[in-house]
Amino acid sequence: MRKFFLIFGSIVLVVMLAAVAVLMYLYSDSGNQRLRSYLEQRITRETGLPVRLEPFSFKRGHLYFIARIDANASLGFDGRIDPLRQRIAGRYRLIAHGASYRQYRLRQADIEGTLKGTLAHIEIDGKGTLLDEPAAFRVQIVDQTPKNAMIQVRRLPLNELLQLGGVPPLAQGELNADILIPSLDKENGEGKAIVRLDQAHFDPKVIEREYHYALPEDKTALTGEFRGEVSHGKATFHGQIVSDLVTLYLEHGQANIEDRTLACDLRLDTRELAPLTQNQLHGPMKLEGMFKYTTLGPQLRATTKSLGGNIQIDYTNRVDVQLKQVALKKVLHLAGQPAYAAGAIDGTLTLESPQAKQGTYALKVPKGTLNGTLLNKEFATALPKSVPFALQSRGTFDKGVLQAQADLTSSLLKAQLDKVRYHVDKGSLSAQYRLYVPDPLKLSGQKGNGKAVPVDVAGTIEKGKSLKVTGRAKGLGKKLTFVYGDNRLKIDADDLRLERLLASAGMPPYAAGPIDARIDLKALEPIAGTLKLSSGTLKTNASAMKKLLGSPLDTQLSLTFDGKASKGDLRGKAAFQSPLASIALPGIVYHSKNSALNTPYTLKVPELAKLESLIGTKLKGPLAATGKVYWASGVIDLDGATASLGGKVQYRYKGSTATVHAAGVPLPAIMHLLDQADRFDGTLDGDMRYDTSARSGKVHAEAKAFRFKSGTFTKAVKLVLRKDLTQIIYDRAILDAILKGDRINYTFKAHGKRSDFSIRDGRLDTKSKTNKASFGLRVDNVDVIGTVRGNLKDPKVKVLPGKMLRNRLKNKAADIVKKKLKGNVGSAASGLIKKLPF
């Protein structure tokens, strides 16, 4: 509008003053031409706009012209001028379509109205459309000074006003303004203005395009109002812009028209940062400060205490930020993280030239503490309740590149980041790191064996489109390198020391020796690649194994694994070799979808007796077995078979239940396996079922061609009966047993043509390895009873002859009575005599 006044006023003033002196000449065509040329040059010089007067006519008090401002705007006038009386009256019209001035561009304006008065007092009014919305104004120019100006605009589109000011159209809505300025005098100017923002909202599409941020659709509404007053050349103002996300308050605003300065207090109240930061930051944030604008440029000083302590922001020609005692716990909450640590952050941030993206920063937490209780709960660690640490980081920022370094020191570890380079525009990162853990056991809260094995890892971090981490670990062996990135993992390990791996895991040195590993996974999700693991000769530590097993185990062993993964499934083979046993797993298949594993296996044991410390009981002889193993959902299902005992034995273990089926197994082989004396002969068929969790089960077995071999029992019977049991073969023998804990209750029956043998109440104690039983024996119609007591290897057998003679007498008496009485009476009397207690 000021440019409009300059253009129009310049033309009228020059024409009226010049016309008095050279009236007749100016009315001529040559005078019009000279006057037009002069006016074009003067107006262009004073306004900076390329103005052309075309057409231009000044004839006998009538002035008509169209001032064309480039090709997109024009100002026309048609009216009367009286140079002698210095009076003017006429109509004007201002039209603009895409007019540009410096960086500003006015899409549309069409204002027309009247102009009348004298050189000392001109009245101008007008109305029409501005940006296709209603606009009107009225102003008086008294002694070349605007007075009693009134401007009224309605429903101006906010997005176009933002673009007119060189700002992206971040919001849409309507701007209504009422401005009344009685005087624009530099010393006594006064006036009032009310500007309202109605039915406004942020434009999510523009914000996402300009700032790559997805604004929530339901968090875009805007309202606002600003009020201002001018008095004695100075202006005061206040106002606010309110949205669902943030509210901006401007208070105690002052502006000096003469020296072109402005100052105000501001307050920014963000209710919740999450929707503004795509859930990267959380919680409210309040900022208070002061804004100034002078001929030196804008200045801002603001502070916030929303994060505890104080954060101060200063902006003049550069940005300075100071952090004093800012609460680390609140910063973690701001980042959406639990309160893993506490402490006070001190630091500075300086942007030397925000436009050139240059600056420095320095941050430190001199006395911080880790929340061990929370970390233990979240990550299954066992840290102390409070772990002190110190953190410092510093860096520079230049042309969009951040270069930095950081150090973290605590009693648990030391971490360093060096040569950090982060390209903000590209989002790329590169850095070198070092992680030193003096005792890895402290990270898991384990006590270990008292010998700490420090681990030192150093490598690089690179992040472009994907993350890549390389490293080399020291302390666990000769070589351990790894490369992780782009869904791939590669590990190369040479001569890793098993004893150091065990120590770093808090375990005693059960074995020592070298292990090599080659892992090359082309994909991690789903897993695909190759895995190879092999060891040299590993040697067990006898004293450590004694603490583990109860007896020293001094042996050598080796292991290998070779596998290939594809589409999330792993297939391979493994082998375990030692003088004690060898295990081959030739067809391992692991399904990652259901975490299930199955494989056939082959087990070979040269001598079971050497495994006593491992299996908790002494067995003898060699063993070879084959079968399959299936594991899923924490439940193992193992089955197999062996012919090492001469017949065939099949077994299965699933969950906590074990079952065994034997067929045609020679009894001497079983006795040898159990490390018992060779006392029986025959072949055994049988079944056993045992619950390992309840320690209970039962056995049913039958033996064919059963025969007692020479031993304590047969010798005792021969001494009493003069009968050799070793020469008697029983057609069938049956064993039934109930197992519960360390006790076995059993019964045994053997039947043959010449003899019967039975035990009705046998009891074995596997813990004390003792047997207690009473038996009955019939040989060639001669009965005997007795007991077995004591150690399984050397039991004490007693044959009771007194009872044997009494039984003979009762049987003889019963036979005589039965013959004499005959019939049912004889049978009843005979049975009664046999039951007599004497």
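The model is a predicted one. It holds 28 salt bridges.

**Salt bridges between strands**

- R91 and E112 meet through their side chains in a salt bridge, at 3.9 Å from N to O. The pair links distant parts of the chain, 21 residues apart. R91 sits in strand β4 (residues 87-101), and E112 sits in strand β5 (residues 104-118).
- Both partners are partly exposed: R91 has a relative accessible area of 46%, and E112 has 37%.
- E133 pairs with R155 in a salt bridge, with the closest N and O atoms 3.2 Å apart. Here the partners are 22 residues apart, with E133 in strand β7 (residues 133-142) and R155 in strand β8 (residues 145-157).
- R155 counts as partly exposed, because its relative accessibility is 39%.
- R652 forms a salt bridge with D637, and their closest N and O atoms are 2.7 Å apart. R652 lies in strand β40 (residues 648-654) and D637 in strand β39 (residues 635-642), so the bridge ties together parts 15 residues apart in sequence.

**A salt-bridge network**

- D314 is found in strand β17. D314 counts as buried, because its relative accessibility of 18% falls under the 20% cut-off.
- The side chain of D314 makes a polar contact of 2.4 Å with the side chain of R301.
- A polar contact of 2.9 Å also joins the side chains of D314 and Q312.

- N317 lies in the loop between β17 (310-315) and β18 (319-327).
- N317 counts as exposed, because its relative accessibility of 64% is over the 50% cut-off.
- The C-alpha atoms of N317 and Q299 are separated by 8.0 Å, with the two residues 18 apart along the chain.

**Positive surface patch**

- R763, K772, R789, K796 and K798 form a positive surface patch.
- One of these, K772, is found in strand β47 (residues 770-779). At 38% relative accessibility, K772 counts as partly exposed. That value is over the 30% that patch membership requires.

Note on methods
Residues are numbered from 1 along each chain as its sequence is written. This is a predicted model: local features need pLDDT of at least 70, side-chain atom pairs count only at pLDDT 80 or more; totals for chains, interfaces and linings use all residues. Side-chain values use heavy atoms; hydrogens and water are left out. Patches are made of residues with over 30% relative accessible area and no salt bridge: like charges are joined within 9 Å, nonpolar side chains (Val, Leu, Ile, Met, Phe, Trp, Tyr) within 5 Å. Accessible areas come from the Shrake-Rupley method with a 1.4 Å probe; for residues, only the protein chains shown count as cover. A salt bridge is a side-chain nitrogen of Lys or Arg within 4 Å of a carboxyl oxygen of Asp or Glu. Lys and Arg count as positive and Asp and Glu as negative; His and the chain ends are not counted. The place of a charge is taken as NZ of Lys, CZ of Arg, CG of Asp or CD of Glu. Helices (H or I, at least four residues) and strands (E, at least two) are DSSP runs, numbered from the N terminus. Buried means under 20% relative accessible area, exposed over 50%, partly exposed in between (1.4 Å probe, protein chains only). A polar contact is a pair of N or O atoms within 3.5 Å; within protein, one must be able to donate a hydrogen and the other to accept it, and residues adjacent in sequence count only if both atoms are side-chain atoms.
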